[in-house]
Amino acid sequence: MEEQILRRHDRPAPRYTSYPTAPHFTPSVEAACYRAWLEAFDAALPLSLYFHIPFCDSLCWFCGCNTTVVRRYEPVANYLRRLEREIESVARILGGQRRISHIHFGGGSPSLLAPEDWRRLFGLIQSAFAIAADAEIAVEIDPRDLPEENVAALAEVGINRASFGVQDFDAEVQKSINRIQPFDMTRRMVDAFRAHGVEKLNIDLMYGLPKQSRAGIADSAAQVVSLAPDRVALFGYAHVPWFKPHQKLIAEDALPDADERLGQFLDAAGLFEKAGYQWIGLDHFARPEDGLARALADGLLRRNFQGYTDDAAGVLIGFGASAISSLPQGYIQNAARTPAYNSAIDAHGLAAERGIALSAEDILRRRIIESLMCRLSVDLPAICEDSDFSAASFAAELGELETLRRDGLVEIAGGRIDVTASGRPLLRIVCAAFDSYLRTEVARHSRAI
Ligand SMILES: C[S@@+](CC[C@H](N)C(=O)[O-])C[C@H]1O[C@@H](n2cnc3c(N)ncnc32)[C@H](O)[C@@H]1O
Ligand code: SF4
């Protein structure tokens, strides 16, 4: 019954890793604007850095990331020279060595960088910025056949969190997504990182993949638990072949239906909770002693482009193709395709191409959406207190949530909205009520569950 109710409300919605979301960025905000925003940045505030490495050794058919498959290392090496130039340009504009609290290498598969390139890249980052002694430095790892010397190099340069892509351990599912990665291969990699002193580990699992079943995902989840990662992300497969044409390689008739998807999600979530993980926001799970669980308890959990974070820095500088920076004035994204990124860096040292300047209303709506995504609740009168808006101005949004309230998926009292335990899978739909850009929406999103 409950599943029927959830399905009735299920519809496409953004994942809200930013607000406004990337489809609403425009070319009117570009490199000159980025330069001005960086120049105005308060030198006392800490920064986070994100580096995008858009290369992989092979293509997973489900992949929604911005990446390309490379057979030779040369395009990677060429790209790294541009990344170095971008770091130098940004550091020069910022002036002085800015304090860094958090660094994330995402992709693609940053793990394919050669050991000497990790050393060189880190040498440059360390000369351009002052990395805090307790900074978290995380890297996304494709665990398939990573040589021991690469693991050693990552540990040597100071990586202290590794995030492994797994998706599912079932051999049939792996075949149907073109990603062969037996459990032992992943276990060996987990052991290798731990042996080199990288102890904070994350694992990505997915549900809604072709040939996945509730029983199968429960097995995969149990295998993940046996590896004892600190965090697990449980992503719903976003099937968007109109945006990622290679997803047409996925057999649509082998995709689980809406009921099955929801069952897979709830089964795996229940299993992680039973194993002692705390459910964080929409789709993350963390051991109680992990930073995400502690941030949730302390009311300090944040949402950013990597999902959920305990990083307190209010400013994120993105480097590399398609990377997005989040500054007090707004969001700005680099050219998405690698050739365009390389040419822009060669021409001006920066590759910012589109973005959005935030209005006071955007900032308020962003706070509301972030509160819902992180804490599953928002207190409208409290959040409106230091703004020019009143809670009463959100009457239409509350009206939109009325059907969810009637179905017991949210509770609304005195301007406070609480998403109930059964409403949690529809968190994105609750947030969407506060997204004023959806009314002029051109982008097509993946389904909420
Ligand atoms: C950059 S990859 C992780 C590192 C590495 N490339 C790997 O796959 O092992 C980021 C994660 O995004 C998730 N992902 C990729 N495509 C997705 C899609 N279409 N829908 C939902 N999640 C997706 C996967 O869980 C994947 O592990
Ligand atoms: S899921 Fe990871 S390894 Fe697979 S293609 Fe995407 S980025 Fe590359």
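Reader: What makes the place where P20 is found a loop between two helices?

Author: P20 is found between helix 1 (2–9) and helix 2 (31–39). Helices here are DSSP runs of H or I with at least four residues, strands are E runs of at least two, and both are numbered from the N terminus. The peptide bond from Y19 to P20 is cis, with omega near -5°.

Author: Before we go on: this is a predicted model, where local features need pLDDT of at least 70, side-chain atom pairs count only at pLDDT 80 or more, and totals for chains, interfaces and linings use all residues. Residues are numbered from 1 along each chain as written, chains are lettered from A and ligands numbered from 1 in the order written, and side-chain values use heavy atoms, leaving out hydrogens and water.

Reader: Which residues does the other cis peptide bond, with omega about 20°, join?

Author: That one joins G107 and G108. G108 sits in the loop between strand 4 (98–107) and helix 4 (115–128), and G108 is also one of the residues around ligand 2. Being around a ligand takes a heavy atom within 4 Å of it.

Reader: Why is A228 called partly exposed?

Author: Buried means under 20% relative accessible area, exposed means over 50%, and partly exposed is in between (1.4 Å probe, protein chains only). A228 has 28%, so it counts as partly exposed. A228 also has a positive phi of about 50° although it is not a glycine. Most residues other than glycine have a negative phi.

Reader: And L376, is that buried or exposed?

Author: L376 comes out at 11% relative accessible area, so it is buried. L376 has a positive phi too, about 60°, and is not a glycine either. You'll find L376 in the loop between helix 12 (360–375) and strand 17 (377–379).
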